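Here are my notes for you, written as numbered points. Keep the structure open while you read, and check each point against it.

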There are 2 protein chains.
Amino acid sequence: MEFALIREKLDQAVALLNEHDLDLWLTFVRETSLTADPGLALVAGLDMTWHSAFLVSRGGERVAIVGRYDAENVRALGAYTEVIGYDQSLRPALRETIERLAPRAIAVNYSESDPAADGLTHGLWLTLRETLAGTPYADRLVSAENFIASLRGRKSPIELHRLRRAVRITEKIFAIVDGFLRPGLTEAQIAARMHAERERLGLGTAWDAPYCPVVNAGPDSPAGHVMPGACKTARGQLLHIDFGVRRDGFCSDLQRNWYFLARGERHAPDDVRAAWEACWAALDAGAAALRPGAAGWEVDAAARAALVRAGFPEYQHALGHQLGRVAHDGATLLGPQWDRYGRSPFGRVEAGQVYTLELGTYVTRRGYIGLEEDVLVTEAGIEWLSKPQRKLWLA
Amino acid sequence: MEFALIREKLDQAVALLNEHDLDLWLTFVRETSLTADPGLALVAGLDMTWHSAFLVSRGGERVAIVGRYDAENVRALGAYTEVIGYDQSLRPALRETIERLAPRAIAVNYSESDPAADGLTHGLWLTLRETLAGTPYADRLVSAENFIASLRGRKSPIELHRLRRAVRITEKIFAIVDGFLRPGLTEAQIAARMHAERERLGLGTAWDAPYCPVVNAGPDSPAGHVMPGACKTARGQLLHIDFGVRRDGFCSDLQRNWYFLARGERHAPDDVRAAWEACWAALDAGAAALRPGAAGWEVDAAARAALVRAGFPEYQHALGHQLGRVAHDGATLLGPQWDRYGRSPFGRVEAGQVYTLELGTYVTRRGYIGLEEDVLVTEAGIEWLSKPQRKLWLA
C-alpha cells in the first residue's frame, strides 16, 4: 500500500513537472531521523541515513542515488527507473546524472513562504552547491514551492481514502465523548478519556499530544494551544473540543461543541443559539467561496465579513488550512493578508485539495463556540469529508 | 521533568558559549511538525507553529520570541528570562533583541558535516538574512556546529539517567528473546515478538520500525538495514539481532548474538569461537582508545587494526556513533576517514559523550556475529552503560 502510494505520487510528479514547465525536481536529504524533509514522504516514504538524492524529470525518468544499505529498500518501492547505491560518495553519480539530464533549472525543496516545501537544510544547500561546483547547474537551483504545493495539495486516490478514514474515526471518538459527558468533568479528565480511546484504536495525534485535544469547558478556559486543565463542564455552559488523529500517516482536524442544559432548560438559550447561527452563516459563506481558482484570502474574507455582519467580532486566525500528512499541511492558506501568514493567503485554491473550515466566537458567561469541518475541493465547489455539526449537541 | 531538562540544557548552553567564545546562539524555526530542527529539543522541547526565535547569550540572557498562542507554553518552561509573544510579525522583536545584545557573531543551526547541527532550513536562512537586512548582523551568521556538538554530546544528568534506563529495558527485552528462542523461527516471527514486547512496555523504536530490530538468522540473511525475513534459526548456525528502543525521548542501540547448538554439541564450534574472540579483542582495543581528546578516527583505527591483525576483514562501517535523542546522534563519529563520513571522524572525543562500540564479521556457513555496546566517556576512559555480552549465548 505504501509502495502504491509512492508510485501514485511520482506519476503525479511527472505530470506536474510538465504543467509547471520544470525540467527536474531534486529532493536531497541525509540522516532524516534528525532533520526531516517533508518532501521525502512524497518520493520515498523511508528514512535515509547517508546523503540521498531523488530526481524526477519531466520526461519521466526517476533516479534515486542512495547509500548502499538503503538501496535495497528504495528498489523495493518499484517506483524508480534507476537506483544507484554508493559506498563512498554520492557526488560522482549525482553530477553525472544531472549532466546527463541537462535541466534548464533544478527545483529543490526550499521556500520562505511554505514550510511543507522547505525541507532542504542550509547545510545541504551548501553541500549541493559545492557538489555541482564547476558545472552550470550550481547556479540553476530554484525553489520547488509552487510545484510542491500542487503535488502535496492535490490528493491522490490513496491519500484521499486515508483522509476520509481519519475523519471518520475521529467522528467515532467524538460520538464516544458524547456518550460519557456529564456536568463536573474536568478538561483534563475528558482529554485523558479521549487519549485512551485514541490509543486503543491504534491512532496517533494530528498535532502535539499535550494539546490534542484542546478542551475548553466554560467561560474561564484559556484560548489557544493550551493543555486541558482544571475547568469543569457545568450546566448552563459550553464545552468545546478541537481534536484530530493521524491514521496511516494522514490527519483529521475537527472541532465539536456541546451545551450543558441548565435545570429546566429544554434547548440552548438565545445567546448561545444566536452565536451558533452566526458562526454557521459565516462558515457557509466561506464554504460557498471555496472553489478552484479563488485566492485563499478571498475565501477567508467571505466568512470573516459574514461573521462581522452578524454582529460578532472577527476571529483571530485563518478560516482554514490544508490538511494531509500533518494538520497544517502548508501552501495555500484560507487566511487574511496578515504579515505573519506571509504569501500563503495569496495562493490559489485547486481541485483535489483538502482544507479545514474553522471559526468561532465567545459567548459571555457560557464559553467558546468553535466550528471546524474538513472539506475536499472539487471542480464544482466542495464535498464535506466530515458530517457537519449543524446542530449544537446538548448534554 | 521535561521542564527541568530544558533548564539544565540552557544552563549548560550558557557555560558552553563562554567555552566556545561565542556571544549568541539563535535557534530559528517555524511549523516544526513539518520541518524539525534537532536544536529545538534542546531549547524548548515543544513544537512551534509560527516563526519562533530562541536566543541564548554568553551573559546568560535567554529570550524567546514566539507566536502569541505558543507563548504561554514557553513561559511555563521557566527557562527564559524573557518570552515575547507576537501577533503579526516576529521581525521587530527579533531585530531589537539582537541589536540590544550586539553580538560579534550569531551562531545558527547549520552544518555541512553534522546533521544534528543542521536544522535551519534554507528558506529560514533566507528569511533570517532578510529580517536582519540593513543591520550589521545579516552578515554575522556563523555555524553553531562545534557548540552544538558539545551541548548535544555532553549529556546532562537527566539525559544520562534516561539513556541508562533505555539501555536497561533493552537488555530486558533481549532476555525475553532469549527465553523464547528455538530452532525454526523466522526472522519475521522474532521481530514480531520483539515489537509486541516493546509496545507492551510503551516504548518507541530507536530507528525506523521496519528495521528495528534487524534480525539475521544463519548465513543466507542479507546484511544492512533490511527487514526481517523468511530465514530461520537453525542448529549449527548463528542468530544476530540489532535493536534499540526510544524511552522518554532517549535511545539505546545494542547487538546481541546466539549460537544454536547442533545435536551433540555442548559449546560453540571453533570457527565461531575464534571469530567471537577476534571481535571482542577488536572491540576492547577500540574501548581502550576511547578517551577524552582522542580523534574519532583514532578510536576506530585501533579496533580496525586489531580485527585485521587477528586475520579478519575490516568491517565496512564506523566503530561507533553518538547516542542520545536519536540512535545516530550526530557530531564526532568513531569512524574511518572515508569520504562519506565527511569531517565527523576528525572530531574529538569529550567526557560526557555516549557512544556505541560496534563491529562484526561473517562466519562461513554459520552467519553473522555483530557486537554492539553503549558506553559513556569519562575523564578516566569509559563506563559501560550496557552489560557487555562477553559470551556468545547458546540456544
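1. Start with how chain A is divided up: domain 1 covers 2-153, and domain 2 covers 157-394. Keep in mind that this is a predicted model. If you take the centres over C-alpha atoms, domain 1 of chain A and domain 2 of chain A sit 35 Å apart.

2. Now look at where those two domains meet. On one side you'll find 13 residues of domain 1 of chain A, and they are in contact with 16 residues of domain 2 of chain A. Which elements give two or more residues to the domain 1 side? They are helix H1 (2-19) and helix H6 (145-153) of chain A. H6(A) gives the most to that side, with four residues.

3. What sort of residues are these? Sorted by class, the side of domain 1 of chain A that touches domain 2 of chain A has seven nonpolar residues, plus three polar and three charged ones.

4. Next, turn to the contact between the chains. How many residues does it take from chain A and from chain B? Chain A gives 41 residues, and chain B gives 41 residues too.

5. Stay with chain A and its side that touches chain B. Helix H3 (68-76) and helix H5 (122-131) of chain A are the elements that give two or more residues to it. The largest share, five residues, comes from H5(A).

6. Last point, on residue classes again: the side of chain A that touches chain B divides into 16 nonpolar, 15 polar and 10 charged residues.

Notes:
Residues numbered from 1 in each chain as written. Chains lettered and ligands numbered in written order. Predicted model: local features only at pLDDT ≥ 70, side-chain atom pairs only at ≥ 80, totals over all residues. Contact = placed C-beta atoms within 7 Å. Nonpolar A, V, L, I, M, F, W, Y, C, P; charged D, E, K, R; others polar. Domains from an automatic or database assignment.
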